[in-house]
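Look at the structure below. The paragraphs after it start with the overall layout, then turn to the metal site, a helix and its salt bridges.

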Amino acid sequence: MSYDICSICGRFFDKSGRNYCDECYEKDKVEYKAVRDYVIQHKGCTVMEVSTITGISVKTIYRYINEGRIEIDEKSHNKLIRPID
Ligand SMILES: [Zn+2]
């Protein structure tokens, strides 16, 4: 049996090909959907706005950006974001 360290919670978990343990993966799916839905419905919103409305941490939203799941508008000072897919 081989293990990975979850990149969200830092716990060991059975290697599954994902970067996250099952617990974080399930939580992440729900949180990402909330963020994605909000961004689709409010084009041009800011990270702070999404975080305030959805209750999902700014750190988590920036992780989505770093993972290429949500895009930042580099030209905007307000860092407008939109989902990739
Ligand atoms: Zn985890």
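**A walk through the chain**

The chain's secondary structure comes to three helices and four strands. Helices (H or I, at least four residues) and strands (E, at least two) are DSSP runs, numbered from the N terminus. Along the sequence, the pattern reads β-β-α-α-α-β-β. This is a predicted model, in which local features need pLDDT of at least 70 and side-chain atom pairs count only at pLDDT 80 or more, while totals for chains, interfaces and linings use all residues. Residues are numbered from 1 along each chain as its sequence is written, and side-chain values use heavy atoms, with hydrogens and water left out.

Take the overall dimensions next. Along the principal axes, the C-alpha atoms fill a box of roughly 45 × 25 × 20 Å. The chain has 85 residues, and buried residues make up 32% of them. Buried means under 20% relative accessible area, exposed over 50%, and partly exposed in between (1.4 Å probe, protein chains only). Contacts tell about the fold too. A contact means heavy atoms within 4.5 Å. Among contacts between residues at least 6 apart in sequence, 30% join residues at least 24 apart.

Now find the zinc ion. Which protein atoms are the donors of the zinc ion? They are the SG atoms of C6, C9, C21 and C24, lying 2.3 Å from the ion. Donors are N, O and S atoms within 2.8 Å of the metal (3.2 Å for Na, K and Ca); water is not among the atoms, so sites may look incomplete. Along the chain, the zinc donors follow the spacing C-x2-C-x11-C-x2-C. C6 sits in the loop between β1 (3-5) and β2 (12-14). C21 sits in the loop between β2 and α1. The two are 15 residues apart, and the pair links distant parts of the chain. Both C6 and C21 are buried.

Why is the arrangement around the zinc ion tetrahedral? The four donor atoms subtend angles of 103 to 117°. Four donors count as tetrahedral if all angles lie between 85 and 135 degrees.

Next comes helix α1, residues 22-41. Helix α1 has 20 residues and reaches 29 Å from its first C-alpha to its last. That is close to the 28 Å expected at 1.5 Å a residue; the expected span is 1.5 Å times one less than the number of residues.

Which residues of α1 are buried? They are C24, D28, E31, Y32, V35, Y38 and V39. These residues cover an arc of only 125° around the axis, which puts them on the same side of α1. The arc is that of the directions from the helix axis to the C-beta atoms. The face turned away from the buried side carries the exposed residues D22, V30, K33 and Q41. What covers the buried residues of α1 includes α2 (47-54), α3 (58-66), β3 (70-72) and β4 (81-83).

Turn to α3. Its buried residues are T60, I61, R63, Y64 and I65. They pack against α1, α2, β3 and β4. After α3 comes G68, whose phi is positive, near 75°.

A search of the whole structure finds 10 salt bridges. A salt bridge is a side-chain nitrogen of Lys or Arg within 4 Å of a carboxyl oxygen of Asp or Glu. One of them joins E26 and K29, with the closest N and O atoms 3.5 Å apart. Both residues lie in α1, three residues apart, about one turn of the helix. E26 is partly exposed, with a relative accessible area of 42%. K29 is also partly exposed, at 44%.

Start with D28 and R63, whose closest N and O atoms are 2.9 Å apart. D28 lies in α1 and R63 in α3, so the pair ties together parts that are 35 residues apart in sequence. D28 counts as buried, at 4% relative accessibility. R63 is buried as well, with a relative accessible area of 17%.

D28 also meets R69 in a salt bridge (3.1 Å, N to O). R69 lies in the loop between α3 and β3, so its pairing with D28 ties together parts that are 41 residues apart in sequence. R69 counts as partly exposed, at 22% relative accessibility. Finally, a network of salt bridges links D28, R63, E67 and R69.

Methods
Tetrahedral: all angles 85-135°; square planar, octahedral: opposite > 155°, others 65-115°.
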